[in-house]
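Reader: I'd like to go through the helix packing in this one. Can you put it up?

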Amino acid sequence: MAAAVGLRDDLTATDLRRLAQSRRDAGQVRRLLTLAVIYDGGSRSEAARTGGVGLQTVRDWVLRFNREGPDGLIDGKAPGGRPRLDANQRAALAAAVESGPIPAAHGVVRWRLVDLVQWIRDEFAVSISTQTLSRELRAMGYRKLSARPRHHAQDADAIPTFKKNFPAQVAAIRAALPRGTIELWWQDEARVGQKNGITRRWAKRGTRPSAPKDQRTTSAYIYGAICPAEGKGAALVLPRCNTEGMTLHLAEISAAVAPGAHAVLILDQAGWHLSAGLIIPANITLLPLPAKCPELNPVENVWQFMRDNWLSNRIFKSYDDILDHCCFAWSRLMDQPWRIMSIGLRQWAHG
């Protein structure tokens, strides 16, 4: 039988009851009142009946109380099981996720949970389930996301250099103009056709939902431009991309620029964007993006939004049907200026 454990002598039954009146933790109050019985000279059995627990539990409370005082009687969070991975192993796992697999060494071109489970077993001789590994990765801030395409020949310094020099380029354009405001516009084209895309959709686990898919090739092109700071845009839907179409689009953008303002139009280096035959309105200055860097253009995100919400998962009967849906989608976007701002504003460009 275990020896009796005495209570600390810096508190009394009156002190414990006074503390119990001021505390909001019900478990702590019950334990304080139980130990007060002992301070009053009651037996451990009487204290156990007061607390509604067994003698061993009362002993555990006494030990916690002697060690930590009244705060030791507050319900704490259970420590849980020992983590399967230590800090060094988590750091190595993060590095492996960031760098991706080596196909020749790991036999896969993307990490799945089962692949990472095998990698951890090979590297650290640690066995871990896919469910536990999923929780570990989520706790480290990782999620399974769709990768953003990047041109294989893109200059690694092109994007940071363009962002760094962008304010100076806009300032140089402003300095060469009479007084007036500058509007930043972004331009691009998107093909919409009968050979249409299929988006993700909600479905039961274990199933693969279907969607209609056309193999015909009739198509049209949306020439689109947005001014995110003002929440406005300008677009045309034309049968092909060429210098004549771009000239028409520049005229459309020019009409949408505020009176007295000048538009800096940022666009990629497609041949019809920089053609010598292009007619550029007086209130527009073209600013080309670096080659092979479409991710700098927020209109790419506009196209993704329009396809996901209004243009994908459809069968277009004819060119006129494509034209009608493209005009409808762009009109819906123009009715939501906040959406243009949300999608198009860039900290590096708009400050």
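Reader: Start with α2. How many residues does it have, and how far does it reach from its first C-alpha to its last?
Author: This is a predicted model, to begin with. Helix α2 covers residues 26-39, which is 14 residues. From first to last C-alpha it reaches 20 Å, close to the 20 Å expected at 1.5 Å a residue.

Reader: Is α2 mostly covered or mostly exposed?
Author: Mostly covered: 10 of its 14 residues are buried.

Reader: Which ones are buried in α2?
Author: G27, Q28 and V29, then R31 and L32, and then the run T34, L35, A36, V37 and I38.

Reader: And what covers those buried residues of α2?
Author: The cover includes α1 (13-22), α3 (44-51) and α4 (55-68).

Reader: Take α4. At what angle do the axes of α2 and α4 cross?
Author: At roughly 95°, and the axes come within 11 Å. That angle makes α2 roughly perpendicular to α4.

Reader: Which residues make that contact?
Author: On the α2 side, R30, R31, T34, L35, I38 and Y39. On the α4 side, V58, W61, V62, R64 and F65.

Reader: How does the contact of α2 with α4 split by class?
Author: Seven of the residues are nonpolar, one is polar and three are charged.

Reader: Different topic. What angle do α5 and α7 pack at?
Author: About 130°, with the axes 12 Å apart.

Reader: Is the crossing of α5 and α7 left-handed or right-handed?
Author: The crossing of α5 and α7 is right-handed.

Reader: Which residues of α5 and α7 meet there?
Author: Q89, A92, L93, A96 and V97 of α5 meet L116, W119, I120 and F124 of α7. By class, that contact has eight nonpolar residues, one polar and no charged.

Reader: Stay on α7. What is buried in it?
Author: D115, L116, V117, W119 and I120 are buried in α7. Of these, L116, W119 and I120 also take part in the contact with α5.

Reader: Which helices do the buried residues of α7 pack against?
Author: They pack against α5, α6 (103-106) and α8 (130-139).

Reader: How far does α7 reach from end to end, by C-alpha?
Author: It reaches 16 Å over 12 residues, close to the 16 Å expected at 1.5 Å a residue.

Reader: Last one. What follows α7?
Author: A125 follows, with a positive phi near 55°.

Definitions and conventions. Residues numbered from 1 in each chain as written. Predicted model: local features only at pLDDT ≥ 70, side-chain atom pairs only at ≥ 80, totals over all residues. Heavy atoms only, no water. Axes fitted to C-alpha atoms, helices over the stretch in contact; angles between N-to-C directions. Helix = DSSP H or I, 4+ residues; strand = E, 2+ residues; numbered from the N terminus. Left-handed = near helix turned anticlockwise from the far one by under 90°. Contact = heavy atoms within 4.5 Å. Nonpolar A, V, L, I, M, F, W, Y, C, P; charged D, E, K, R; others polar. Expected span 1.5 Å × (residues − 1). Buried < 20%, exposed > 50% of the residue type's maximum accessible area, 1.4 Å probe, protein only. Parallel < 35°, antiparallel > 145°, perpendicular 65-115°, else oblique.
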